[in-house]
Protein chains: 2
Amino acid sequence: MTLFNLQTIMDNIKQYVQENKERFLSELIELLKIPSVSADSAYSQDVINTAEAVKTSLVKAGCNFVEICETPGYPIVFGEHIIDTNLPTVLVYGHYDVQPPDPMELWTSPPFEPVIKTTEIHPDGAIFARGACDDKGQMYMHVKAFEYMIANNCLPCNVKFMIEGEEEVGSKSLSWFVENNQQKLSCDVILISDTGMISNQQPSITTGLRGLSYVEVEVTGPNRDLHSGLYGGAVANPINVLTKMIASLHDENNHITIPGFYDKVEELSAEERAEMAKRPYSEDDYKKALDIADVYGETGYSTNERNSIRPTLDVNGIWGGYTGEGAKTVIASKAYAKISMRLVPNQDWEEITELFKNHFESIAPKSVKVKVKPHHGGQGYVTPIASIGYQAANKAYTETFGVQAIPVRSGGSIPIVALFEKELKSKTILMGFGLDSDAIHSPNEHFGIFNYLKGIETIPLFYKYFVELSK
Amino acid sequence: MTLFNLQTIMDNIKQYVQENKERFLSELIELLKIPSVSADSAYSQDVINTAEAVKTSLVKAGCNFVEICETPGYPIVFGEHIIDTNLPTVLVYGHYDVQPPDPMELWTSPPFEPVIKTTEIHPDGAIFARGACDDKGQMYMHVKAFEYMIANNCLPCNVKFMIEGEEEVGSKSLSWFVENNQQKLSCDVILISDTGMISNQQPSITTGLRGLSYVEVEVTGPNRDLHSGLYGGAVANPINVLTKMIASLHDENNHITIPGFYDKVEELSAEERAEMAKRPYSEDDYKKALDIADVYGETGYSTNERNSIRPTLDVNGIWGGYTGEGAKTVIASKAYAKISMRLVPNQDWEEITELFKNHFESIAPKSVKVKVKPHHGGQGYVTPIASIGYQAANKAYTETFGVQAIPVRSGGSIPIVALFEKELKSKTILMGFGLDSDAIHSPNEHFGIFNYLKGIETIPLFYKYFVELSK
């Protein structure tokens with residue numbers, strides 16, 4: 001194994017990508033033609049065929065062990081290229097299944113007949129197809145980056161691939177697979193490209209994901225609907241009570257009032273908050289896009305902090321009483337709400353669910369009965385920016401984009417990342433190359449050719465820096 | 001005209017009722033057979049036929065002028081028996097239309113084939129039919145009481161009858177008729193039997209009705225539904241905001257916080273509150289019947305005061321966001337509620353609606369937009385227990401039942417009563433003989449034979465005392 005110096009590697013990759021660009025595109029286009037829609041059993045053979053295609057691509061790229069691992073659901077493609085057990089191991093995770101393409105009528109070209117079109121954001125062209133960005137395109141960057149390192153004899157460490165086919169339907173089989181294969185999957189870092197970056201000029205790394213606790217509450221007042229004239233004022237109205245109970249869950253600073261809720265919330269370092277604040281952001285544009293006169297949230301935090309590094313409590317649905325046309329003077333017997341809490345790393349979703357349940361039951365007046373039904377949840381996740389993985393990714397982006405990456409906390413939740421940490425004891429680096437505008441999960445999903453090729457260029461540098469920093 | 005002494009009148013009525021009981025029942029049964037459902041145009045000829053039947057009954061009872069007055073809707077039967085323009089005039093109001101009988105399958109006998117059955121509360125039998133109590137039976141008591149006074153030459157004053165056919169659909173034509181016929185309808189008191197009493201052992205008089213202001217509110221946050229992970233905590237969630245706004249409408253003592261809301265609310269005299277408190281009432285039974293562990297309401301008032309002499313604010317319906325099965329992590333763009341306020345006499349419903357609108361808009365945070373849409377409303381009403389009408393009714397009940405009547409404020413609203421006061425400048429006396437258990441508006445409506453005959457006995461005594469007290 002020869003380790004080139006940086007400039008050599010850089011020149012080499014650029015040249016390799018340039019020389020193989022057409023093949024890289026046509027191979028990806030072939031993969032995108034297979035409609036691997038995991039949510040619809042009509043496509044089940046296509047999903048299985050895609051697993052085979054991924055296996056073949058890994059073998060062709062030079063991976064010395066590849067297998068299709070059967071699961072209770074769709075298979076997982078596992079690949080392994082061990083060069084020296086004393087060297088670090090990178091585990092690449094991705095998925096070969098895609099979202100359903102509906103609504104079909106909104107696609108400007110068929111979702112499984114990929115075409116290249118230019119857009120304002122992608123003047124070099126973008127591949128339009130279901131799965132182009134999420135995640136076939138981003139996953140395939142890793143296969144091609146690996147091919148380059150093998151072909152040029154510059155792979156600096158061991159690599160494992162775990163490419164699943166049920167990400168869009170909840171990764172159930174993956175959980176089972178990971179829990180049962182800790183040894184097989186052992187690694188030093190997990191590398192995923194299934195998120196986005198700020199722009200083609202400004203790379204970013206998703207360093208945190210929020211956890212989730214989702215509950216449904218039911219407030220019961222009288223045992224039947226009552227006439228609001230005859231009973232109004234004398235009987236607890238479950239809707240009024242529910243509004244009071246929900247309102248009390250935030251104080252005047254929009255802090256959540258559930259006792260113990262913030263106990264495990266870590267305040268971010270001033271350094272990381274400063275890094276986050278570098279993200280280009282216009283509050284005016286944000287407000288304009290949502291047509292709101294003002295933002296709203298926890299005192300002491302910026303908009304981008306409120307929706308990422310801070311836990312929240314939102315009502316996702318509420319209903320009770322008469323909701324039809326006109327008026328009905330009724331006091332409902334029951335009122336309901338669906339409430340979700342986004343959690344930050346270290347908050348345990350099951351513990352938070354329990355805290356919510358106990359608190360919500362405790363604040364109910366004696367005049368009503370309250371039921372809290374937990375729906376589901378997931379843990380949050382964070383990668384410290386001081387970690388070797390983050391530093392290696394940042395150096396890689398800096399080399400290829402010419403500017404440092406910005407750490408970004410996403411407000412959303414990817415439960416498998418927390419699972420990986422729990423089962424494999426490794427941190428995950430979310431090196432995304434997609435853009436928010438790429439329309440994943442929507443009609444006309446696409447992935448910029450610039451982004452695809454830039455990803456292939458950047459990934460080998462991550463390997464190089466990760467190994468160097470691990471020494 | 002001869003005025004008998006009390007005992008003579010009493011003996012006379014009892015005897016007359018006893019001698020004519022079977023005819024009184026069979027005449028009412030004939031009237032109940034006509035399906036005068038004003039809400040359903042399929043029955044329009046039946047409604048008109050019922051007006052004719054009422055006219056005929058008044059003529060037969062001895063009324064010297066009766067006419068069918070055409071209106072934009074169903075006709076109003078107007079009758080007049082003037083004996084001396086220097087004597088007081090009683091205007092009897094009632095209605096000959098009935099509620100729709102649905103759901104038919106819950107009736108134990110057909111709604112327009114009246115039958116007499118005994119019940120626990122009505123050991124002497126009750127007539128089961130739609131309209132038996134509401135209001136054909138109670139209206140017909142007045143026709144038969146009038147017949148008695150004519151037949152026995154003891155009518156002590158002038159009488160007018162105004163029996164309408166649209167009470168169950170909003171009395172629209174009646175409003176038009178009253179506004180355009182103030183002279184024709186001029187009177188000293190209005191007498192209505194279209195409410196209930198506490199029990200067959202404890203008569204009561206409804207002295208107050210609450211007014212109503214009904215509004216719908218809409219809170220708009222972002223211009224589209226948002227992902228609660230990506231936006232949660234940074235954008236005002238219209239459901240959370242709505243719950244906070246609604247919750248703030250009551251303080252910790254369950255007083256309504258709208259500025260000016262209580263300005264015109266009159267505190268009842270200690271005497272009237274003491275009278276009201278005599279009403280037989282068991283809080284344990286009340287709680288048991290509604291299956292609630294505790295009552296709930298404004299500090300400083302009893303349950304029977306809270307639902308009658310105090311204004312209230314209740315949410316009648318609320319909705320927003322995802323309300324289906326399972327979970328969806330959405331921040332809704334809009335949230336809605338229907339809110340009604342029950343008002344007490346002197347509170348003007350249009351003024352209160354305006355106060356609500358101004359206050360609700362003023363408490364909205366800048367981050368949302370709020371719309372308040374008034375639905376409808378009506379004024380409250382009260383008859384002082386010191387009034388001649390109340391005193392006359394109380395004396396009449398006391399004679400026939402052997403116990404004083406208890407004044408009862410109803411929490412419900414009958415907008416026409418406020419209209420009568422406004423247009424005719426007369427107070428209304430609500431002498432109800434029905435029971436809460438009579439199932440008006442429900443399947444198996446019935447009216448006790450005891451109640452029907454007791455009404456016929458009691459009404460002439462009201463006339464007698466009203467004339468005596470008016471001197």
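A residue counts as buried under 20% relative accessible area, as exposed over 50%, and as partly exposed in between. Lys278(A) has a relative accessibility of 52%, so it counts as exposed. The model described here is predicted.

**Salt bridges within chain A**
- Over all chains, the count of salt bridges comes to 44.
- Lys278(A) is joined to Glu275(A) by a salt bridge between their side chains, 2.7 Å from N to O.
- Glu445(A) forms a salt bridge with Arg130(A), and their closest N and O atoms are 2.7 Å apart.
- This second pair links distant parts of the chain, 315 residues apart: Glu445(A) sits in the loop between β17 and β18 of chain A, and Arg130(A) in the loop between β5 and α3 of chain A.
- Glu445(A) and Arg130(A) are both buried.

**Interface of chain A and chain B**
- In this interface, 75 residues of chain A are in contact with 75 residues of chain B.
- The two chains bury about 5700 Å² between them, with 53% of that area on carbon and sulfur atoms.
- Leu290(A), Tyr296(A) and Ile318(A) supply 12% of the area that chain A buries against chain B, more than any other three residues.
- There are 32 residue pairs in polar contact across the interface, both residues being at pLDDT 80 or more.
- Strand β11 (residues 312-321) of chain A gives ten residues to the side of chain A that touches chain B, the largest share.
- By class, that side of chain A has 29 nonpolar, 30 polar and 16 charged residues.

**Salt bridges between the chains**
- Chain A and chain B have two salt bridges between them.
- In one of them, the side chains of Lys369(B) and Asp291(A) meet at 3.6 Å, N to O.
- A salt bridge also joins the side chains of Asp291(B) and Lys369(A), at 3.6 Å from N to O.
- The latter pair runs from the loop between α8 and α9 of chain B, where Asp291(B) lies, to strand β14 (residues 369-378) of chain A, which holds Lys369(A).
- Asp291(B) is partly exposed, with a relative accessible area of 42%, and Lys369(A) also counts as partly exposed, at 42% relative accessibility.

**Helix α6 of chain B**
- Nine of the ten residues of helix α6 (residues 238-247) of chain B are buried, so the helix is largely enclosed by the rest of the structure.
- The buried residues include Ile239(B), Val241(B), Leu242(B) and Met245(B).
- At the start of α6(B), a side-chain oxygen of Asn237(B) comes within 2.9 Å of the backbone nitrogen of Ile239(B).

- Helix α12 (residues 415-424) of chain A is mostly covered, with seven of its ten residues buried.
- Among the buried residues of α12(A) are Val417(A), Leu419(A), Phe420(A) and Glu423(A).
- Lys425(A), which follows α12(A), has a positive phi, near 55 degrees.
- Leu453(A) lies in helix α13 (residues 449-470) of chain A and counts as buried at 9% relative accessibility.
- Leaving aside residues up to four places away in sequence, Leu453(A) touches Val17(A), Lys21(A) and Phe24(A).

**Annotated domain**
- The unreviewed UniProt entry annotates residues 208-366 of chain A as "domain: Peptidase M20 dimerisation".
- Over residues 208-366, chain A is 30% helix and 23% strand, and the end C-alpha atoms are 41 Å apart.

Definitions and conventions
Residues numbered from 1 in each chain as written. Chains lettered and ligands numbered in written order. Predicted model: local features only at pLDDT ≥ 70, side-chain atom pairs only at ≥ 80, totals over all residues. Heavy atoms only, no water. UniProt positions renumbered as here; feature names shortened; annotations may be inferred. Helix = DSSP H or I, 4+ residues; strand = E, 2+ residues; numbered from the N terminus. Buried < 20%, exposed > 50% of the residue type's maximum accessible area, 1.4 Å probe, protein only. Polar contact = N/O pair within 3.5 Å; in protein donor to acceptor, adjacent residues only side chain to side chain. Contact = heavy atoms within 4.5 Å. Buried area = accessible area lost by both parts, 1.4 Å probe. Salt bridge = Lys/Arg side-chain N within 4 Å of Asp/Glu carboxyl O. Nonpolar A, V, L, I, M, F, W, Y, C, P; charged D, E, K, R; others polar.
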